[in-house]
Amino acid sequence: MSSAENIQTGADMPDAGMLDVAIHRGGGGRPSAIQHYQVPRQENQTVLDIVSHIQHYIDPTLSYRFACRVGMCGSCAMMVNGEPRWTCRTHIDRVVEHNSLEIAPLRNLPVIKDLVPDLDPFFDKWTKAEARHHPSASRHQPMHIQPPDSPERQRADANIECINCAVCYAACDTVANQPDYLGPAALQRAWTLLNDAKDADKEAIWQAVSGGDGCHNCHSIGSCAHYCPNELNPMTAIAGLKQQTVRQAFSLTSVLKKNRND
Amino acid sequence: MIDARIYIWQRLSAMIMIPLVLGHLAVMIYAIEGGLSVGEILGRTQGSLVWLIFYGSFVLAVSAHAGLGLGIISAEWFRLTPKIASLLGMAVGLILLVMGSHAIWAVTFALP
Amino acid sequence: MLQEYTAKKTTHRQHAHARRRGQPLRYAFVLHRLSGLLLVIFLPMHFWVLSLAVSDADRLALFLEMTHNPVVKLAETVLVGLLAVHFFGGMRLMAFEWFGWPAYQKTAAAAVLSVAVFIAMLFLFRTL
């Protein structure tokens with residue numbers, strides 16, 4: 001048996017044929033259209049490999065975004081067959097249907113061009129949720145000791161591996177229905193900071209997550225947890241925020257504080 | 001749209017309704033047997049303080065719960081501004097409260 | 001900042017169709033919302049019919065006579081199912097919010113639907 005026959009029968013290769021790839025193009029004022037490309041299928045091919053192949057060998061005008069290619073930087077997320085995924089770590093065997101693939105820019109975000117979403121709204125909401133460190137000490141003060149096995153640290157650790165890829169934000173139906181909703185990623189980071197003993201302005205975070213665009217808008221559909229490539233669970237973080245805000249509302253101190261403000 | 005206050009009222013009214021809905025489901029399945037009649041319904045409710053309290057709290061809770069829920073849906077699905085959506089929700093809640101109270105009054109104090 | 005991207009919402013909506021399917025729990029959300037909406041629409045009718053007890057008892061009797069019609073029986077069954085699915089679905093959501101997101105969330109949603117169908121069927125058999 002010759003080696004050529006081997007390729008034909010596909011003893012080593014799952015499918016040596018061509019893949020039909022539909023890509024959503026346009027954005028930023030240009031008319032949007034779906035363009036089809038034929039890409040040779042190879043072993044161990046990721047969705048990012050497919051997009052790169054098109055850009056390198058077929059159509060250099062295709063725009064997309066990536067950096068590390070190993071699932072750390074969170075810049076290559078796209079909609080693949082209608083679902084948000086980190087394309088550099090998505091093997092096409094897992095997503096291909098009838099030898100075809102549909103790739104679109106991340107949902108719930110404006111498009112700059114082709115597969116490049118504008119992430120400004122996503123990161124603006126992190127700021128709006130006060131999901132940023134509020135320093136409690138200067139470099140002249142002694143270092144804060146936070147035992148790794150303390151319950152607060154454990155809770156903060158649970159969701160700390162977020163790579164800001166916006167997959168959860170694109171997956172969220174509540175963001176789609178309510179564009180000002182802060183979304184799972186920002187709320188999850190806010191929860192992490194609330195559990196961080198080194199954060200000095202927890203009141204600001206509480207205010208930010210309890211407002212009209214805050215955590216109470218979440219309808220617990222759970223797509224964020226379902227699609228998170230790092231298998232984090234923003235649902236747990238948002239439920240934690242809801243529980244704590246309710247406890248606060250019913251606690252005596254908050255009642256007294258409110259009266260004092262009036 | 002949904003801030004902490006709306007959320008708390010929504011969950012609170014829901015929790016009040018847990019025993020009430022269970023009771024209502026049980027009564028419906030028990031009482032329906034082949035259809036309803038005026039005598040059957042009024043026989044239970046007429047002059048009964050227990051049913052008055054049961055359905056009175058039910059109407060209160062459901063008016064709040066449905067008003068808030070409808071406000072949220074009109075903001076998210078029908079794209080009304082939060083202000084108009086909550087006004088609409090409040091109006092619906094009020095209509096339900098008035099109509100519900102009237103219905104309870106009717107079945108409690110109707111002449112035999 | 002916020003105004004800026006609300007203005008760009010055209011592009012944001014443009015690609016919304018790129019997401020066609022999803023995980024099963026989004027159907028649980030739609031079911032919860034639709035059942036709630038339909039119950040709100042039904043309630044004024046329900047209250048109005050009952051208030052006939054004082055104003056027009058004969059008319060109430062006429063309405064209750066309708067409950068012997070098979071089509072009305074079916075509609076009542078659907079309403080009982082809507083109430084049950086909204087009730088047990090709401091219990092699932094509140095249980096999750098207070099006690100944590102379990103791995104069997106989809107099973108719980110399926111259980112809610114089965115219990116609601118069971119209750120509706122129970123009602124249907126009783127009404128026949």
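**Exercise 1. In which order do the elements of chain B run from the N terminus on?**

Step 1. From the N terminus on, the order is α-α-α-α. That makes 4 helices and 0 strands in chain B. Helices (H or I, at least four residues) and strands (E, at least two) are DSSP runs, numbered from the N terminus.

Step 2. Note the source. This is a predicted model, where local features need pLDDT of at least 70, side-chain atom pairs count only at pLDDT 80 or more, and totals for chains, interfaces and linings use all residues. Residues are numbered from 1 along each chain as its sequence is written, while chains are lettered from A and ligands numbered from 1 in the order in which they are written.

Step 3. The C-alpha trace of chain B spans about 50 × 25 × 25 Å along its principal axes.

Step 4. Chain B has 112 residues, and 38% of them count as buried. A residue is buried if 20 or more other C-beta atoms lie within 10 Å of its own, exposed if 12 or fewer, and partly exposed in between; C-beta atoms are placed from the backbone.

**Exercise 2. Describe the side of chain B that touches chain C.**

Step 1. Count the residues. Chain B gives 28 residues to the contact and chain C gives 29 residues. Two residues are in contact if their C-beta atoms, placed from the backbone, lie within 7 Å.

Step 2. Find the elements. In chain B, α1 (4–32), α2 (38–45), α3 (49–76) and α4 (82–109) give two or more residues each. With 9 residues, α4(B) gives the most.

Step 3. Sort this side of chain B by type: 20 nonpolar, 6 polar and 2 charged. Here Ala, Val, Leu, Ile, Met, Phe, Trp, Tyr, Cys and Pro count as nonpolar, Asp, Glu, Lys and Arg as charged, and the others, Gly among them, as polar.

**Exercise 3. Which strands of chain A stand at the edges of the sheet, each with a single partner strand?**

Step 1. Write down the order. The open sheet of 5 strands reads β2-β1-β5-β3-β4 (chain A), with mixed pairing. Two strands pair if DSSP finds at least two bridges between them.

Step 2. Pick the edges. β2 (30–40) and β4 (83–86) of chain A each have a single partner strand, so one side of each is left without a neighbour in the sheet.

Step 3. Check one pair. Strand β3 (residues 77–80) of chain A and β4(A) run antiparallel, joined by 4 bridges. Met79(A) has Pro84(A) in β4(A) as its bridge partner.

**Exercise 4. Follow β4(A) to the contact between the domains of chain A.**

Step 1. Name the domains. Chain A has domain 1 (3–117) and domain 2 (120–261), with bounds from an automatic or database domain assignment. Their centres, taken over C-alpha atoms, are 33 Å apart.

Step 2. Count the contact: 15 residues come from domain 1 of chain A and 15 residues from domain 2 of chain A.

Step 3. Look at the side of domain 1. β3 and β4 of chain A give two or more residues each. β4(A) gives the most, with 4 residues. This side of domain 1 has 8 nonpolar, 3 polar and 4 charged residues.

Step 4. Zoom in on one residue. Val167(A) touches residues including Pro84(A), Arg85(A) and Trp86(A), not counting residues up to four places away in sequence.
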